[in-house]
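Good morning, colleagues. Please have the sequence and the coordinates open while I speak.

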Amino acid sequence: MHKFDESADDLAWAVFRYALDRVRVDPPLDGPRSHQELWEAVGQTITEEGLGGESVLAAFADHLAPACLSSDHPRFLSFVPGAPTNASVLFDLVVGASAMCATSWLEAAGSVYAENQALRWVADLVGLPEGAGGCFASGGTMGNLSALIAGRDQAMRRREADGSGRPARWSVVASDGAHSSIDSAARVMDVDVLLATSDDDRRLRGDAVRSAIAARPEGTEVFAVVATAGTTNLGVVDALDEVAEAAAEHRAWFHVDAAYGGAALAAESVRPHFAGIDRCDSVVIDPHKWLFAPFDCCALLYRKPEVARLAHTQHASYLDPINSGSEWNPTDYGHFLTRRARGLPFWFSLAVHGTRAYSEAVERTLEVTRAGAELVDATPHLDLVLDPILSVLAFRRIGWEQADYDAWSARLMEDGTAFVLPTQVDGEPALRICIVNPLTTVDDIAMILDSLA
Ligand SMILES: *Cc1c(COP(=O)(O)O)cnc(C)c1O
């Protein structure tokens with residue numbers, strides 16, 4: 001299994017050929033199969049004697065892979081799709097082959113050096129000062145949790161220092177547009193979420209934050225305020241400047257969840273929406289969403305990384321050699337220890353193509369979104385939910401109910417045309433198209449809209 005012999009060589013070329021074809025050839029949309037269908041096609045794969053490389057690779061290629069939606073298909077437009085560059089996908093193979101554990105500088109200095117340059121580019125987009133930094137975490141969910149842990153740790157230390165001790169409850173202010181992972185983080189941390197209502201434009205404003213803080217239950221300490229820069233459902237960017245101000249008045253940690261939308265900082269046409277993001281204490285941006293990196297990759301950044309380090313560094317005698325130095329250890333900045341160098345595919349592609357190519361690719365997706373909105377506007381039986389701010393197109397088919405949307409969506413996926421799921425806006429079903437793939441064209445959108453006639 002570990003010696004590289006002739007059969008390993010054969011397997012290597014078979015795997016390379018498969019991977020290369022997957023990158024080279026436009027993928028079919030594909031889609032889920034039932035457990036029964038998969039069992040009939042593939043059966044039991046884990047056996048005492050092993051099935052051999054050829055047979056297992058064939059089972060994957062012929063049956064398992066086609067039962068997975070291709071998130072890079074230009075008409076995979078649900079959730080937030082993926083659109084990794086060729087360079088990033090191919091380099092992911094190299095990362096896997098390199099067996100580096102990117103927990104610490106000691107173990108993977110070269111990787112951490114490279115990842116940190118990619119993180120610095122993201123920090124520059126945000127406008128964070130020199131000295132800012134963080135790590136690549138698995139996703140926005142883990143990034144949000146790690147950031148909020150750091151924020152609470154800072155508040156806890158401050159209270160310990162000034163003698164006020166633990167409050168009865170900790171809480172975080174977030175809006176109704178915040179991602180479900182904020183709620184999830186709060187549950188993990190056993191803290192409360194104080195809901196701040198968004199305004200008529202669905203944005204969180206400073207006064208709503210002030211009201212939520214003022215209305216906190218007695219004994220509750222608000223340690224953080226979360227703004228969303230690009231809500232997942234509609235692409236709305238909160239009034240970051242105002243929220244930053246309200247958070248600062250309360251000395252609360254200001255976290256910006258830009259997991260989906262942060263990539264748009266690279267696009268001049270929408271950058272003004274993000275005014276104030278540079279005031280954040282922490283921010284997450286997922287390169288696996290709109291910065292063309294493979295799953296899974298979240299840039300987690302702190303204005304003052306030393307605060308995160310106090311919260312996250314793990315202490316154990318076997319880890320002392322890592323902790324005794326002053327080098328940059330990614331594990332100090334998030335809730336994990338062992339870590340794949342998951343920022344490297346993103347770094348490699350960014351270094352290969354340069355940042356301008358990224359700006360242009362993001363702009364392209366925004367242009368397609370705007371053109372799509374015009375098509376919706378021009379179609380009498382379609383109704384735009386809001387003018388797109390980023391790259392989410394939300395609209396309704398007049399006269400349709402939930403069952404109509406569900407049936408249409410299932411049909412579209414089954415015949416391999418597109419993957420578009422309905423969502424809810426203001427308690428009513430709507431369609432939502434999220435465009436992060438520069439290969440998605442206006443014609444693709446038109447094809448989908450035509451099917452709604
Ligand atoms: C996608 C998303 C998340 C969660 O990120 P994962 O990478 O899926 O864990 C969090 N916040 C926002 C705004 C998102 O769009």
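I shall discuss the sheet, and then the nonpolar cores.

This is a predicted model, in which local features need pLDDT of at least 70 and side-chain atom pairs count only at pLDDT 80 or more, while totals for chains, interfaces and linings use all residues. Residues are numbered from 1 along each chain as its sequence is written, and side-chain values use heavy atoms, with hydrogens and water left out.

Let us begin with the sheet. It is open and mixed, with 7 strands in the order β1-β7-β6-β5-β4-β2-β3. Strands (E, at least two residues) and helices (H or I, at least four) are DSSP runs numbered from the N terminus, and two strands pair if DSSP finds at least two bridges between them. Because β1 (133-137) and β3 (192-196) each have a single partner strand, they form the edges, and one side of each lacks a neighbour in the sheet. Strand β2 (residues 169-175) runs parallel to β3, with 5 bridges; S175 lies opposite A196 of β3.

I turn to the cores. A nonpolar core is a set of buried Ala, Val, Leu, Ile, Met, Phe, Trp, Tyr and Cys residues joined through side-chain atoms within 4.5 Å; buried means under 20% relative accessible area, with a 1.4 Å probe and protein chains only. The largest comprises 71 residues, and V283, W290 and F346 have the most contacts inside it. Helix α5 (residues 105-126) supplies its largest share, 7 residues. This core lies between domain 2 (100-353) and domain 3 (355-450), because both give residues to it; the bounds come from an automatic or database domain assignment. A second, separate core has 31 residues, including L148 and V172.

Notes: Buried < 20%, exposed > 50% of the residue type's maximum accessible area, 1.4 Å probe, protein only.
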